[in-house]
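Hi,

Here is the structure I promised to pass along.

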Amino acid sequence: MFINGESGIGMRFGIISTAKIARKDVIPGIQKSDHTVAAISSRTRDRASEVAGALDIDSAFGDYETMFAEADIDAVYNPLPNALHAEWSQRAADHGLDVLCEKPLTVDTAGAVDLFDYCAEQGVTLMEAFMYQFHPRTRRAREIVKNELGEVHTVDASFKFSLGDASNIRLDPELAGGSLMDVGCYAVSAARGFLGEPDRAFAHARDSRDSGVDTNLSGILSYDDGGVASVSCGFDGPRREYYRVETDDGWLEAPNCFGPEHDESVSLTYSVDGREVTETFDPVDHYQLQVEAFADAVENGEAPPIDRAETLGNMRAMDALARSADTGQPVDIASPE
């Protein structure tokens, strides 16, 4: 367990903003762990105090900078809109605070490189919050594909849901909205988890709300060895999330794969040489597991499980899909730095 100097307690988190994902998922996940939510900040003190009272958080602040300077915290969780991730993660790092930042880490690969470099210069740990990667099913799926199935040739991954609120920040281009940034990042992450880093991307997007961002995107990630991944995301239509892996000798499929509820059991099914197996997983809070992994990395002075290479790999693929959708042409994906 993370031990903070003289206090002898777990990592003490400050939460930047009262965003729904913080209130519903991440704060409860921290509170289930050996760590603590010690402070929360919002654009108004009243709102921060309201949430602090509802969630049993000791300190509330009416702006983020004051929380960084005055709260008794070790790290921050940053669930601000995408376009604000880099700025406020850097400001937290200026105060020597480790940073767990929501996905996507920044608006593009260049921004992610700069943020990792900045946090390294400040001597703090930075991790992108991709909670589904900590679910036991995700790790088991990758293990099965690697060790029990043959060569992967196709991955199909998708995350879509109905976004009814026309004023939602996900539709704001100034805040780096869009379906690729919001949920397409999961599909890209899943594809890369099974096939590795792609070589090219081709994508088509549409803006069904005339909002200035993609509300639906379908893309292909192709590999020089012949592998291919189909990724799709969107804000129109019923919720659906899944990945399916096709191999030379079988397949693996997982429904509801990115955001199962904390009290929900889930499953995956795979087939190899005609033998079909379904595995079921008990309910687990993958937000709690994510926080524990982050804190363990800080305590042990290790790179976090979602490290620089993982985040930059995802951002490079997303950048290429976005450029292809803009130009209508295939885009080569840059090699890792």
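Searching the whole of this predicted model turned up 22 salt bridges. Here are some of them, with where they sit in the chain.

One joins the side chains of lysine 103 and aspartate 182, at 3.7 Å from N to O. The two partners are 79 residues apart and come from distant parts of the chain: lysine 103 lies in the loop between strand E5 (98–102) and helix H5 (109–122), while aspartate 182 belongs to helix H7 (residues 179–195). Both lysine 103 and aspartate 182 are buried.

Another pairs glutamate 279 with arginine 140, with an N to O distance of 2.8 Å. Glutamate 279 counts as buried because its relative accessibility is 18%, under the 20% cut-off. Arginine 140 is also at 18%, so it counts as buried.

Then there is aspartate 236 with arginine 206, whose closest N and O atoms are 3.5 Å apart. This pair, 30 residues apart, connects the loop between strand E10 (228–234) and strand E11 (240–247), which holds aspartate 236, to strand E8 (residues 200–206), which holds arginine 206. Aspartate 236 is partly exposed at 22% relative accessible area, and arginine 206 is partly exposed at 46%.

Finally, a network to look for on screen: Arg140, Glu143, Glu148 and Glu279 are joined through salt bridges that share partners.

Conventions:
Residues are numbered from 1 along each chain as its sequence is written. This is a predicted model: local features need pLDDT of at least 70, side-chain atom pairs count only at pLDDT 80 or more; totals for chains, interfaces and linings use all residues. Side-chain values use heavy atoms; hydrogens and water are left out. A salt bridge is a side-chain nitrogen of Lys or Arg within 4 Å of a carboxyl oxygen of Asp or Glu. Helices (H or I, at least four residues) and strands (E, at least two) are DSSP runs, numbered from the N terminus. Buried means under 20% relative accessible area, exposed over 50%, partly exposed in between (1.4 Å probe, protein chains only).
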